Amino acid sequence: MACCHHYFEPAEGGDRAFSVDVSAITFGRGCLAEAGEVARALGIGRIALMTDRALRALPFVAQVEQALAAAGVDTVVYDEVRVEPTDVSFQDAARFARESGVDGFISVGGGSVIDTAKAANLYATYPAEFLTYVNAPIGAGQAVPGALKPHIACPTTSGTGSECTGIAVFDLLAMKAKTGIVSRRLRPDRALIDPAVTASLPANVVAASGFDVLSHALESYTAQPYSHRAAPGDASQRPMSQGANPWSDLGCREALRLLGTYFARAVADASDTEAREQVLWAATLAGIAFGNAGCHAPHGMAYSVAGLVRDFQPEGYPDDAPLIPHGMSVIVNAPSVFRFTAPACPDRHLDASGWLGADKRGAGEDDAGEVLAGQIVALMKQTGMPNGLSGVGYGEDDLGALTEGAFPQRRLLQNAPLEISRDRLTGLYRDALAYW
């Protein structure tokens, strides 16, 4: 069932145009060796290499350092990035960048590392009270004042797509919830995406990050259409999270098709280089897509799921503190959400389920939500994900706190194709407590 063009028919007062912002990327095995040449081309003489301690010990960080040295780029290393960054860790990284006097950044790591480099670049370049640039209503939501220093992003996980977006996500410790900073100016100038880095990833990391990809693509594809969002007062006010559009659809479709073919293989077998490379390519496509369309409820709900963690510690991740990895905190909500949103665009939900491998023979529009949710649940079981919110430590008594932590995430919740009230949000969490 092909998605119809009428999905983008303008609503009264809706936008009649959409914008496309695309990162400059290099994709392929061995491309990390080009880091020095890219830095020099961007005019960087002294660069902050941002990573974390675990990654610092791996060979691809040394490969980047060697490439920078060979190109004559002076490098200072910051390896204190947290796996799930906080407002405090963002400020620590910004302080390092400011005191080091760098004129550019290179991030080598997953979304936490890339997002930390974005924030360090912002606050070192335009110092301000921390909440100044944080999304409203949690922060002031002020615009980034001007251009930032060059940033080269080198992702090492196949999931976040942060190398392609102008979004930096963190835990606001005072709220015990995630939020973020959003600006086109945060988008990295270049991305070097080397599939060789995924060979060392544990299966559970591939699974969690791959579900982040899956939900990026599903949420962008089923987001409210850009033409139903109020037209901006002027072109500069058109948001990055503008809703589903013909451009983002292209990346979503292919990302979902690739995941349906390769995702389970990539989790099951680290030596399956084809599968791991294709999942990384899916992450890139989904990153470009949601960078121009925006995510919606599963990601908005994930912010409090991750922020309120008590004692959950997943296999394959650092065990020094409780942690619900981002992709895991997203996917435990997804089946509940897509059952709810299916009536808004059942053809899109059905098509997505087919690309992910569901048998949709005989399924009609009334079945769309259940078919898609069922396929997500099947993939969760196949790849060892927790059984909904109960699988990461939450119960009925936590629904109020989860709701309060997520309801302020208006940028995300308002991008859903159906309105999500506070009571509806609580119901979505309740329906996500367990799936099997």
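A residue counts here as buried under 20% relative accessible area, as exposed over 50%, and as partly exposed in between, with a 1.4 Å probe and protein chains only. The model is predicted, so local features need pLDDT of at least 70 and side-chain atom pairs count only at pLDDT 80 or more, whereas totals for chains, interfaces and linings use all residues. Residues are numbered from 1 along each chain as its sequence is written, and side-chain values use heavy atoms, with hydrogens and water left out.

Helices (H or I, at least four residues) and strands (E, at least two) are DSSP runs numbered from the N terminus. Helix α12 spans residues 346-355, and because eight of its 10 residues are buried, the helix is largely enclosed by the rest of the structure. Among the buried residues of α12 are P346, R348, H349 and L350, and their cover includes α6 (203-222), α7, α11 (334-341) and α13 (368-382), where contact means heavy atoms within 4.5 Å. Just after α12, G357 adopts a positive phi of about 105°.

The structure holds 24 salt bridges, each defined as a side-chain nitrogen of Lys or Arg within 4 Å of a carboxyl oxygen of Asp or Glu. One of them pairs R348 with D249, with 2.8 Å between the closest N and O atoms; this pair links distant parts of the chain, since R348 lies in helix α12 and D249 in helix α7, 99 residues apart. R348 is buried, with a relative accessible area of 1%, and D249 is likewise buried, at 2%. R265 forms a salt bridge with D272 (closest N and O atoms 2.9 Å apart) and another with E274 (3.0 Å, N to O). Of these residues, D272 is buried at 14%, while R265 is partly exposed at 32% and E274 is partly exposed at 42%.

Turning to the sheet, six strands form an open, parallel arrangement in the order β1-β8-β5-β4-β2-β3, two strands being paired if DSSP finds at least two bridges between them. Strands β1 (24-27) and β3 (74-78) stand at the edges with a single partner strand each, so one side of each has no neighbour in the sheet. Within the sheet, four bridges join β2 (residues 46-50) to β4 (residues 104-109), and the bridge partner of A48 in β4 is F105. Helix α4 (residues 87-100) packs on the sheet, where it touches β2, β3 and β4 and makes about 155° with the direction of β3; axes are lines fitted to C-alpha atoms, for helices over the stretch in contact, and angles run from 0 to 180 degrees between N-to-C directions. Helix α8 (residues 273-293) lies across β1 and β8 (190-193), at about 175° to β1.
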